[in-house]
Amino acid sequence: MKLRIEEILKKAVGGTAEFGVSVPEQENFGHYSTNVALRLAKSAGKSPLKLAHELAEKIRVGAPSGFFEKVEAAPPGFINFWLTNEAIQREFLEISKEKEFGKSSAGKGKTVIIEYSQPNIGKMMHVGHLRTTIVGDALANVFEYSGYKVIRWNYLGDWGTQFGKLIAAYKLWGDKKAIKANPLDELQKLYVRFHDEIKKDESLEKRGQEEFRKLEGGDKENRKLWEWFKKESLKELEKIYVALGVRFDTYIGESFFEKDMKPLVAELVEKGIAKRSEGALVVNLDALKLPPALIEKGDGASLYLTRDIANLRYRLLKYKPAKIFYVVGNEQSLHFEQLFAVAKILRLDSAELMHVKYGLVLGEAGKKLATREGRTILLKEVLEKAVTLAREIVEKKNSDLSAKEKGEVARAVAIGALKYNDLKENRHSDIIFDWEKMLDTSGDSAPYLQYTYARLKSILRKSRVGGQMSKVDPGTLGAEVELALIRKIIEFPDEVVRSAENLATSNLAVYLFKLAVAANKLYETTPVLKEENVERRNALLALIGTTAEVLKKGMGLLGIKTLEKI
RNA sequence: GCUCUUGUAGUUCAAUGGAUAGGACAUCUCCCUCCGAAGGAGAAGAUGCAGGUUCGAUUCCUGCCAAGAGCACCA
C-alpha cells in the first residue's frame, strides 16, 4: 500500500522527488504521512510549512478521485493523508481474494545464501545456537517470500583441532559401547574430560594437535573415527531441527574444504598476499586497520578463516549468489571483517557479503553462560522445559482438548514462544539468559498471536459459511475498528519488504502483534455471529478470515505455527 | 592498551533524522447472562553525562562514564 501511495504522490506532484511514506504512530497525524516537504524546503528556498501546503494542494488535485479523504499540511511541514472509507474497503476486497498476499518478486532471478545454525559435530547444541538457527530460518523465509532463490546452508563445524582433541580423548579413555548407546553424551563427556586433564597435563594439548594433523594428513584410523563421530552426531542434531521446524538445503561443513587448503595457501603465498610471520602464515591487513589474518598455523594445519575463504570461492562459483548472509554472533565480528577484507583482495566480490550479527547469550552475572554445575545450558533442555511448561498451561486453560491435541498445542506454543522472543528483538547487545523471559507466554508473545488466530478461526467454524469472500460487500464495514483493522492488514506487504531490507525480523514481529491487537479489538467490540444484517455479517466474516490468513502467513514467515485450537 | 557492540520507566524491548518517545512484564482500577478472559478498557512511570552538526537528535559526530565481546596459531 505504501508503494502505491508513493506512486500516486509522485504522479500528482511530478518531478523526481522521493516520497518517503510512513505510518504515523499518532492517529491524528493521518493514515499515512510524508516528510518530503521538510526535506526539500531548503533546496526549494521555501519554508517547510509553505511548501507542504503547496504540495498538499497539488496532491489533492492530482490524486485519483475518491482515494484521499483528506490531505493536510501540518507544522513543521508534514503532509498527512487520510484514505476514504471506499479506498480502504476496495483495497480490502482485492486482497481478500489474493492467495499469497504480500508475496513479491523483488528478488526474482537472484540467489541469496544464508548460513546459519553452524553446530559443532561431536557436541550438543546449546542455547547459543538458538538465535542463529531461528533468525537464519526466518530470514530465509522472508527472502523466499520476496522472490529470491534461497540456499539454506548449515555450515557444520566438522573440522579443526577440536577433532584432534576428541580423537586423542577417545584413544585414551573411549568406550565404544557407551558411545554407540549414547553418542553425543559420551563424546561430549570425552571432550570435557580432555579439557579438564589438559590443566594437569599440558602435553595433551600437543597430542590433540598432533591427532588433528594426522587426520588432516589422511590417517586411516583417525579418518574412520571422525566419520563415525560425525554420523552419530548428525542423527542427534536432526532431532532438534525437527523439533524446531527448521530445515536446510545443504549441510556442507568445514571438512568439505579440506582438500582446497593446500592449493589455496600456496596461491596466497605465490600472489604475495600471505607472508610468514612468527612461524605462521598471515595476511597483513594494516591498510584496513585490521589485525593480521591467520591463514596457516605454524605446524601447517589450516584454520577457520582459510576454510571460510575456500567456502566463499566455492559458493560464488557454484551458485552465483547476489548476497551471502552469515548469521553468526557478535563475538565473531573481527573474523568476518577479516574474511571480507581478504575476499576483497582476492576479488571474491561478486556477491554482497553481510555478517548478520546479534548479541551473545550470557549468564546471570553477565558472564559466560553456565549452569550451577558448570555446564552450558543445552538447547535440548530448553526445548524440553519449554514444552513441559506449555503443557501445564494447556492443561489449565483448555482441558477439553484430547491428549494428542494437548501435546501438539504444547509443542507449538513452546517453540513459538522461544522463537518469537528472539525474533521480536533486534539486539546487538548481549542478552542475559533468563528462563522466565524465554518461556514467557503472556503479553507480546507468540501464544498471544496463536490465541488470536484460534479465536478468529473459532468464529469461522461456527459461522458455517465457506470462503465466499468475493461476494461480500465491503461497504458495510464502516466502523472505525473495522477500518483500522483493514488498514493494518494492507500494511503487511510493506512490513515483509522492510524485514528483508533491514535484515531484521523484529519489524514483522511487531507488526503481527499490532495486527493481533487490532483483531482483538474488533473481537471485543463487534459481535459477528449475532449480526442480523446478512450482508454485513458476511463482510465481517470475510474480514475475520482475511485477518486470520495474514496472521498465519506472517507467523509462518517467522517459523511459528498456527493452530485451529490452542 | 587498541577495536567493535550496547546504555531508553522497577524489569525487558520499540522508535527509515521528525510531530505528544511506543509496547510487554510487574504494580494499581475496572470488564465473563455476549462468537474462546492465553482476552479487553483505564492509571502511573524512561532517552547515562557534556558538547557539536541540523529547521528538527533516542538516532549522526566528538569527549567522558558504565557494561559486554574481540584482539596470532580455537571456531
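User: Which residues in α6 meet which residues in α10?
Analyst: This is a predicted model in which local features need pLDDT of at least 70 and side-chain atom pairs count only at pLDDT 80 or more, while totals for chains, interfaces and linings use all residues. Residues are numbered from 1 along each chain as its sequence is written, and chains are lettered from A and ligands numbered from 1 in the order in which they are written. On the α6 side are Phe 163, Leu 166, Ile 167 and Tyr 170, and they meet Asn 222, Leu 225, Trp 226 and Phe 229 in α10. Two residues are in contact if their C-beta atoms, placed from the backbone, lie within 7 Å. By class, this contact of α6 with α10 has seven nonpolar, one polar and no charged residues. Nonpolar covers Ala, Val, Leu, Ile, Met, Phe, Trp, Tyr, Cys and Pro; charged covers Asp, Glu, Lys and Arg; the others, Gly among them, are polar.

User: At what angle do α6 and α10 pack?
Analyst: Two packed helices are described by the angle between their axes and the distance between the axes. Helix α6 (residues 161-173) packs on helix α10 (residues 220-244) at an angle of about 100°, with the axes 10 Å apart. That makes α6 roughly perpendicular to α10. Axes are lines fitted to C-alpha atoms, for helices over the stretch in contact, and angles run from 0 to 180 degrees between N-to-C directions. Under 35 degrees counts as roughly parallel, over 145 as roughly antiparallel, 65 to 115 as roughly perpendicular, and the rest as oblique.

User: How do α19 and α20 pack?
Analyst: For helix α19 (residues 492-502) and helix α20 (residues 506-525) the angle is about 155° and the axes are 8 Å apart. The pair is therefore roughly antiparallel. Glu 495, Val 496, Arg 498, Ser 499 and Asn 502 of α19 make the contact with Asn 507, Leu 508 and Tyr 511 of α20. Sorted by class, there are three nonpolar, three polar and two charged residues in this contact.

User: How many helices and strands does chain A have?
Analyst: Chain A has 21 helices and 13 strands. Helices (H or I, at least four residues) and strands (E, at least two) are DSSP runs, numbered from the N terminus. The C-alpha atoms of the chain fill a box of roughly 80 × 65 × 40 Å along the principal axes.

User: In what order do the strands of the sheet with β1 stand?
Analyst: Strands of a sheet pair through backbone hydrogen bonds, either parallel or antiparallel. Here two strands pair if DSSP finds at least two bridges between them. The order is β1-β2-β4-β3, in an open sheet of four strands with antiparallel pairing. β1 (21-22) and β3 (68-74) are the edge strands, each with a single partner, so one side of each is left without a neighbour in the sheet. Six bridges link β3 and β4 (residues 78-83) in the antiparallel sense, and helix α3 (residues 48-62) packs on the sheet, touching β3 and β4, with its direction at about 165° to that of β3. A hairpin of three residues joins β3 to β4.

User: Why is β4 largely enclosed by the rest of the structure?
Analyst: Five of the six residues of β4 are buried, so the strand is largely enclosed. A residue is buried if 20 or more other C-beta atoms lie within 10 Å of its own, exposed if 12 or fewer, and partly exposed in between, with C-beta atoms placed from the backbone. Across chain A, 40% of the 566 residues are buried. Asp 185, in helix α8 (residues 183-200), is partly exposed, with 13 other C-beta atoms within 10 Å.

User: Which strands form the sheet with parallel pairing?
Analyst: This open sheet has four strands, ordered β6-β5-β10-β11. Its edges are β6 (149-153) and β11 (352-356). Five bridges join strand β5 (residues 111-115) to β6, and Ile 114 stands opposite Arg 152 in β6. Helix α5 (residues 128-145) lies across β5, β6 and β10 (323-327), at about 155° to β10.

User: Which residues come nearest to RNA strand B?
Analyst: Of the 81 residues around RNA strand B, the nearest are Leu 38, Gly 160, Lys 297, Gly 443 and Tyr 451. A residue is near a molecule or strand if its C-beta atom, placed from the backbone, lies within 6 Å of it. Helix α17 (residues 446-463) gives the most to this surface, with eight residues.
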